[in-house]
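Q: Hi! Could you walk me through this structure with me? I'd like to ask some quick questions as we look.

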Amino acid sequence: MFDASVPTEYYVALSALIFALGAVGVLTRKSAIMVFLSVELMLNAANLALVAFARGWAAAGTEIALSGQVAVFIILAVAAAEVAVGLGILVAIFRYRHSTDVDNLSGVRL
Amino acid sequence: MLTFFLLAAVMVLGALGVITLRQPVHAALALVGTLLTLAVTYVTLQAHFLAAIQVIVYAGAIMVLFLFVIMLLNVEGDEGTVRLAWVRPAAYLTGVVAAAGVALTAFLDARQLPDAQVITAALAGGGAGALGGVLFNQFVLAFQLVGVLLLTGIVGAVSLVERSAREKGDEEVFGEPERELTRV
């Protein structure tokens, strides 16, 4: 399964493409849930780049190379916490407004 | 190389589905496809533990949470037009420029990959043991902070639910299903 023939820059380019698609989703979707899904896309694009960099820096030794993978692990935990709180807020807003349209949520700002 | 391009094609298709499909459930399932493809890509990059975690935590727990909320709120595939007409083309232009810029930089600064043996030795298969060794030595502070963050998240989520329950009055919120049953 291990594939050493694909250079790191291919993975970085793919990651950039996925990240850009996620950013476009955040900017164009109207429903807050869809904005959240696009944010997940962006987080995962960053994770892909980090895992690719971990392999690219293998010559620097185990500790430096695996730092990339540990960063992905920490990002996963942060994403889980973010989703739990974010969806909680979303449900609370939906109960109050009966809509998740982000254009109507200007009242949430301070 | 072929594996990479196949996975990349599926991943990009899933991502396009997330940002174009009108039904939230369809978009969420497209994201599940992208996340599972990403897990396979992690395996080809020798990150086996992360691949497993990706499937269990992301494609499992987080996406179940998303689907749960989508079905709970019964969100319609409304969409419609964005209020500002120039936002959509501007967003696509920004995305193309950003992706092209990063990809170009990556290809201009291309590095030679180390030998396969060096990679295998350094990453140690990306197993849980190797990852834990780095996590609990170099990243202890980050690990502790993540623990605090998760605790904060739990408290935040509980307080959100608790406050909206108190607004409605506890009786009403917790008594509702029972009344539904008796009415039926």
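This is a predicted model: local features need pLDDT of at least 70, side-chain atom pairs count only at pLDDT 80 or more; totals for chains, interfaces and linings use all residues.

Q: Which side chain does A:K30 meet in a salt bridge?
A: The partner is A:D101, with 3.6 Å from N to O. A:D101 is buried too, at a relative accessible area of 14%.

Q: And where do A:D101 and A:K30 lie in chain A?
A: A:K30 sits in the loop between α1 and α2, while A:D101 is in the segment after α3.

Q: Okay, on to the interface. How many residues of chain A and chain B are in contact?
A: On the chain A side there are 75 residues, and they are in contact with 84 residues of chain B.

Q: How much area do chain A and chain B bury between them?
A: About 7,300 Å², with 78% of it on carbon and sulfur atoms.

Q: What is the salt bridge count between chain A and chain B?
A: Zero salt bridges between those two chains. For polar contacts, seven residue pairs are found across the interface, both residues being at pLDDT 80 or more.

Q: Which elements of chain A give two or more residues to the side that touches chain B?
A: Those are α1, α2 (32-56) and α3 (62-97) of chain A. The most comes from α3(A), which gives 26 residues.

Q: How does the side of chain A that touches chain B split by class?
A: There are 50 nonpolar residues, 16 polar ones and nine charged ones.

Q: Switching to aromatics. How many aromatic pairs turn up over all chains?
A: Searching the whole structure gives eight aromatic pairs. One of them is A:Y11 with B:F4: the ring centres are 4.7 Å apart and the planes are at 70°, so this pair is edge-to-face.

Q: Where do A:Y11 and B:F4 lie?
A: A:Y11 is in helix α1 (residues 8-28) of chain A and B:F4 is in helix α1 (residues 2-20) of chain B, so the pair joins two chains.

Q: Are A:Y11 and B:F4 buried or exposed?
A: Both are buried.

Q: Which residues do ring pairs link into a cluster?
A: The cluster holds A:Y10 and A:Y11 from chain A, along with B:F4, B:F5 and B:F107 from chain B.

Q: What about the rings of B:F136 and B:F143?
A: Their centres are 4.9 Å apart and their planes are at 80°, so that pair is edge-to-face. B:F136 is partly exposed, with a relative accessible area of 48%. B:F143 also counts as partly exposed, at 37% relative accessibility.

Q: Last topic: where does B:T37 lie?
A: B:T37 is part of helix α2 (residues 24-44) of chain B. Its relative accessibility is 7%, so B:T37 counts as buried.

Q: Which residues does B:T37 touch, not counting those up to four places away in sequence?
A: On that basis, B:T37 touches B:L7, B:V10 and B:M11.

Q: And what lies 2.5 Å from a polar atom of the B:T37 side chain?
A: That is the backbone oxygen of B:G33.

How values were computed
Residues are numbered from 1 along each chain as its sequence is written. Chains are lettered from A and ligands numbered from 1 in the order in which they are written. Side-chain values use heavy atoms; hydrogens and water are left out. Rings of Phe, Tyr and Trp (its six-membered ring) pair if their centres lie within 6.5 Å; planes under 30 degrees apart count as stacked, over 60 as edge-to-face and the rest as tilted. Helices (H or I, at least four residues) and strands (E, at least two) are DSSP runs, numbered from the N terminus. Buried means under 20% relative accessible area, exposed over 50%, partly exposed in between (1.4 Å probe, protein chains only). Contact means heavy atoms within 4.5 Å. Buried area is the accessible area (1.4 Å probe) that two parts lose on being put together, summed over both. A salt bridge is a side-chain nitrogen of Lys or Arg within 4 Å of a carboxyl oxygen of Asp or Glu. A polar contact is a pair of N or O atoms within 3.5 Å; within protein, one must be able to donate a hydrogen and the other to accept it, and residues adjacent in sequence count only if both atoms are side-chain atoms. Ala, Val, Leu, Ile, Met, Phe, Trp, Tyr, Cys and Pro count as nonpolar, Asp, Glu, Lys and Arg as charged, and the others, Gly among them, as polar.
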